[in-house]
Amino acid sequence: MFKFLKRLFKGENGVRVRIAPSPTGYLHIGTARTALFNYIFAKKYGGKFILRIEDTDLERSDKKYEKDIIENLKWLGLDWDEGPYRQSERLNIYEKYLNKLLKEKKAYWCPHTKEELEEERNGQIANKTVLIHKCDARDKDLSRGELIRFKIPKAKPVISGNETIYPADSIIFNDIIRSQVHFFTDPIGDFALAKNISTPLYNFAVVIDDYEMKISHVIRGEDHIANTPKQILIQRALNFSTPQYAHLPLILDPDRSKMSKRHSATSIEEYQKQGYLPETLVNFMALLGWHPSDNKEKMSLPEIIQCFDIKRIQKGGAIFDVQKLDWLNSQYIKKYDNEALLKLIKQLPDFEIAANDSQLLKIINYGKERAATLKNFQAIADSYTRLNDYKSEMLLWKNTGAKNTKENLRKTKEILFVILEREFNKSGSEKYLMPLADSQGRGEVLWPLRVALTGRDKSPGPFEIIDVLGKEESLKRINMAIEKLSNLII
RNA sequence: GGCCUUAUCGUCUAGUGGCCUAGGACAUCGCCUUCUCAAGGCGGGAACAUGGGUUCGAUUCCCAUUAAGGCUACCA
């Protein structure tokens, strides 16, 4: 009953959207965001999210990229309901429609070679005219040639008086985000549909697949706006209905150009390796060009789906701001489960730390307040466990002398000995050491203690470090410091 | 060159003709907290691209200019 009502409301097939990456590179952040918006839209309206691998370009496509795309889509939690379909496995379908178009003279074989095309093009650049191929074979119905082109239909001439007027033909489509977009067909030119009968090109394969897969909404990047009239032209020639279009604004580099490898990390995997959580990336990507009606910014995927409204998607491109990404990630890390963080950190490439799991868990517990990325835990863990080489003078707080400092460290050691067998942890050490610090001056006691434990002028607090290091190592380092101070006194 | 798109703090954005002295977040700066560094709390500075209209009234509507970006393949 519910399903029936839903179908009634959404039309025959309901909402069906797709993400159509081409496996010519690792999962790009832009592709991932497009996938995210499609996913959100599908879930919001109880529709289906379809994965289609667009691998018609055999030379540039690679299985390793396909694998990366699939793995990282899953990592982000963007699971698809159908697919993956592969265009390379659907060649006979395209062939069927290509033959139909050829037979109905809506497409034709173009006999011109790459070289001839280039020459024509160079001439057009020199003359500053529109860059399109004007084929002298468009009505010759050749049975073969260099490639198959779409024959752009000419508007019917209008005769007024003794004048014949050729009206400009135009394509107007409704974009959910941008409202009406208008194109004249003339400057489009007879574009290529396929290299040959069994090698379709992008614009053609997309139209066929979207029709065959009953795609209701095409949500994709703004860089496809110019392709849309071509695709609509093919749909009309084949008597297909036109899906709803929504063109997302681009993700930009700080110089406002389309986000590219030259300026930033563009693949999802790179962000994963740097220690960003999938929750962060999903949240952040959703906020790039979209905003809920309230001011809420930290949102889980279900929450985003809940309040998502496609009409609120921005028209202008959005710069990818790593600083805000870092902040968001730090917010998620703070709330994350310690055990889960431990697992993730150990999976990080190049993560090396001289500490056991229970120490690491303590470090995570204390250190997650200061981490922006998982990778930061390397430096954080070091600051807890690794003793830096340091000059004896560093032990002196402001203008406290070596003698007093040594005395304070000695007293500190004594107190630590008292709690050796019982509360040798953060709260215990703090409880017993703070009275001394308060009576002798906090800086006078705590500063040398912290330097003794770390050899650093900047570090986490001494009680946390004592907890991580344990009694043996802590006392060893304090003894070392006392020795250093003795040398200073002599 | 042609076509298309876009235009609010440095950045992401709120805003759909009067609620705007333009709100929030990141970043930045200051203060508090504090043994240091972070984290946290409080506060400050910071924007409607320009010029014309329309209107009693424009950030908001229209036009132009400017600027930025995208597309212009036998890539997708």
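**Terms and model.** I take helices as DSSP runs of H or I with at least four residues and strands as DSSP runs of E with at least two, both numbered from the N terminus. The model is predicted, and local features need pLDDT of at least 70, side-chain atom pairs count only at pLDDT 80 or more, while totals for chains, interfaces and linings use all residues. Residues are numbered from 1 along each chain as its sequence is written, chains are lettered from A and ligands numbered from 1 in the order in which they are written, and side-chain values use heavy atoms, with hydrogens and water left out.

**Entry 1, backbone details.** I looked up Lys105 and found it in the loop between α4 (91–103) and β4; its phi is near 60°, which is a positive value in a residue other than glycine. I then turned to Gly83 and Pro84, which are joined by a cis peptide bond with omega about 0°, and I noted that Pro84 belongs to strand β3 (residues 82–86).

**Entry 2, the sheet.** I asked myself in which order the strands of the open four-stranded sheet stand. The order is β4-β5-β10-β11, and the pairing is antiparallel; two strands count as paired if DSSP finds at least two bridges between them. Because β4 (107–110) and β11 stand at the edges, each with a single partner strand, one side of each has no neighbour in the sheet. I followed the pairs across: β4 and β5 share four bridges, with Tyr108 opposite Arg149 in β5. Arg149 also stands opposite Ala192 in β10, and two bridges join β5 to β10. β10 pairs in turn with β11 (residues 199–200) over two bridges, where Ala194 has Pro200 as its bridge partner, and a hairpin connects β10 to β11 through two residues. I reminded myself that strands of a sheet pair through backbone hydrogen bonds, either parallel or antiparallel.

I counted a salt bridge when a side-chain nitrogen of Lys or Arg lies within 4 Å of a carboxyl oxygen of Asp or Glu, and the structure holds 30 of them. The one I looked up joins Lys67 and Glu71, whose closest N and O atoms are 3.6 Å apart. Because these two residues are four apart in helix α3 (residues 63–75), about one helical turn separates Lys67 from Glu71.

I checked α5 (residues 114–127), which has 14 residues and reaches 20 Å from its first C-alpha to its last, close to the 20 Å expected at 1.5 Å a residue; the expected span is 1.5 Å times one less than the number of residues. After α5 comes Lys128, with a positive phi near 55°.

Which residues come closest to RNA strand B? Arg60, Arg121, Glu297, Arg370 and Pro462 are the closest of the 66 residues that surround RNA strand B, a residue being near if one of its heavy atoms lies within 4 Å. By class, this surface has 21 nonpolar, 19 polar and 26 charged residues, where Ala, Val, Leu, Ile, Met, Phe, Trp, Tyr, Cys and Pro count as nonpolar, Asp, Glu, Lys and Arg as charged, and the others, Gly among them, as polar. I also looked up individual atom pairs, with N or O atoms within 3.5 Å taken as a polar contact. A backbone N or O atom of Lys128 lies 2.9 Å from a sugar or linking oxygen of RNA strand B, and a polar side-chain atom of Glu297 lies 2.5 Å from a sugar or linking oxygen. For Arg450, a polar side-chain atom lies 2.9 Å from a base oxygen of RNA strand B.

Technical notes
Polar contact = N/O pair within 3.5 Å; in protein donor to acceptor, adjacent residues only side chain to side chain.
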